[in-house]
Structures are given as structure tokens and as C-alpha cells.
Amino acid sequence: MKKISETNVIDIVPFKSGFIYVKKIPQDDGAFRVKFLGYDTKRMENAPVTKSVYLLSKFGPSFEIISEKLGDYATCDAGVLANKYVVVVYPTGEMGVFDDKATLVWTGDLQYKENLVQSLAVDGNNIWCCVPNQNSIIEYSITNKKVSMRIGGDNSTAFSNPVAIVKYDDELFVTNKDSCKVRIVSLKDYSVRDFRLFDEPVYRYIQTCGKEVVLLESGIYVL
């Protein structure tokens with residue numbers, strides 16, 4: 001593994017030559033600013049990047065309007081649905097849905113059995129999210145505004161404090177903070193299996209340009 005950055009990372013998004021990560025930089029007055037950094041996974045070196053490239057990679061063509069309406073555009077997860085709607089989910093469970101013209105058409109708190117939901121992976125016009133306190137993931141129908149499926153649960157060993165989720169092809173990759181694992185869920189038969197194991201808590205996993213990238217407790221690594 002190659003270490004790319006220390007801690008204080010609040011977001012990672014893939015882009016055409018690698019990934020962009022956002023770091024929280026503390027200020028003397030107790031506040032903080034954000035810094036946008038790029039990494040080229042083909043050349044395995046840092047790459048210049050702008051705020052606009054980050055926002056475009058995260059929110060799609062309507063990034064300017066959406067990011068302005070959100071204000072806090074860094075701490076949420078975002079995804080573009082099959083119908084071109086953009087969905088955002090914050091770690092607090094707050095969710096927003098923007099239509100293809102960047103109009104906010106729905107906002108509210110997404111919960112499952114009174115537990116906060118976080119992260120998202122787009123699956124057509126639905127999203128998959130993590131429910132850390134329930135050791136589960138759920139599929140949520142944007143159209144019907146309800147949970148359509150749950151995998152895992154309090155008495156299940158499928159997940160252990162899942163905190164982030166992404167989808168590649170017909171598989172979900174779920175990062176589990178407590179077990180230090182990335183586990184795969186097959187969307188063909190909904191079986192769950194181990195994929196990656198680390199020596200410390202894992203908070204994020206993505207694939208980009210043929211490389212795997214993880215955010216561990218100690219920082220960002222390219223596998």
C-alpha cells in the first residue's frame with residue numbers, strides 16, 4: 001500500500017485520472033477551511049485540481065447550482081440516478097433530492113427504525129445506504145420514499161458498524177469500521193463475503209482508473 005495523505009480527510013471522489021480528496025485545515029481562530037487535492041493513480045503522483053473539478057465529479061453538470069444550495073457540499077455523499085436526479089445524504093441522515101434542472105424537489109431525514117442512515121450507492125433510481133447502529137444496509141426507493149430491502153441487522157454478522165458503501169457492476173462494497181473489513185454484497189443473490197481486511201478501522205473504499213483506494217484511520221492509501 002502507498003500512503004497518500006494523513007488524516008483530516010472529509011471526502012474522496014474519483015475523477016478521470018485518479019481521485020480528488022478534501023482535507024479539513026484548522027485555522028487559528030478555531031474554524032477550518034477546506035483544501036482540494038488531486039492524485040493521479042496512473043502516474044502515482046499528486047495532480048493539480050480545482051474546486052470546480054471536484055464539484056463536477058461529485059454532483060454532475062448542475063454542480064454550481066447544487067453546491068450553492070447545499071452550502072456544505074463536502075461532508076455529504078452524492079450520486080446521480082438513472083433519471084439524472086441527484087441525491088445527497090449527510091452523516092446526520094439528512095437527505096436531499098434534486099431534479100435534472102437542479103431544483104430541490106425533496107428534503108428530509110432518512111432513518112431506519114429511528115437510526116441514522118449515512119452514505120449512498122446509486123442503483124438505478126434507488127439508493128443503498130448504511131445503518132451503522134443496526135449493522136445493516138438498506139435499499140431505499142426514491143420514487144416511493146420507503147425502504148424496499150434490508151441486509152444485515154442487530155443479530156447478523158454480515159456487517160460491523162458499516163459506514164460507507166459504493167456500487168461497481170452488480171456488487172456493493174461496504175466498509176465496516178469495527179471489523180476493519182470491506183465486504184462485498186452480490187446483487188444477484190444478496191450473499192455477503194469478505195473482500196479486504198485491514199489492521200485499523202476503514203472508513204471509505206473506492207475504485208478508480210484500475211486502482212483501489214481506501215481511507216483508513218491513519219490516512220488515504222492506494223492499494
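The model is predicted. Its largest nonpolar core has 21 residues, and a second, separate core has 19.

**Nonpolar cores**

- Within the largest core, the residues with the most contacts are Ile4, Ile12, Phe19, Tyr21 and Ile220.
- Two or more residues of this core come from each of strands E2 (9-15), E3 (18-26), E18 (181-186), E20 (202-208), E21 (211-216) and E22 (219-222).
- Strand E21 gives the largest share, four residues.
- Leaving aside neighbours within four places in sequence, Ile220 is in contact with Lys2, Lys3, Ile4, Ser5, Glu6, Val9, Ile12, Phe19, Tyr21, Val213, Val214 and Leu215.
- The second core includes Phe15, Phe59, Phe63 and Val86.

**Helix H1**

- Helix H1 spans residues 51-59, and its buried residues are Tyr54, Leu55, Lys58 and Phe59.
- Seen down the axis of H1, these buried residues fall within an arc of 100 degrees, so they line one face of the helix.
- In an α-helix there are 3.6 residues a turn, so residues three or four places apart point the same way.
- The buried residues of H1 pack against E2, E3, strand E4 (32-40), helix H2 (63-70), strand E6 (77-80) and strand E7 (86-89).
- Gly60 follows H1 and has a positive phi, near 85 degrees.

**Loop residue Gln134**

- Gln134 lies in the loop between strand E13 (126-131) and strand E14 (136-141).
- The relative accessible area of Gln134 is 10%, so this residue is buried.
- Apart from neighbours within four places in sequence, Gln134 is in contact with Tyr112, Lys113, Asn115, Gly153 and Asp154.

Definitions and conventions:
Residues are numbered from 1 along each chain as its sequence is written. This is a predicted model: local features need pLDDT of at least 70, side-chain atom pairs count only at pLDDT 80 or more; totals for chains, interfaces and linings use all residues. Side-chain values use heavy atoms; hydrogens and water are left out. A nonpolar core is a set of buried Ala, Val, Leu, Ile, Met, Phe, Trp, Tyr and Cys residues joined through side-chain atoms within 4.5 Å. Buried means under 20% relative accessible area, exposed over 50%, partly exposed in between (1.4 Å probe, protein chains only). Contact means heavy atoms within 4.5 Å. The arc is that of the directions from the helix axis to the C-beta atoms.
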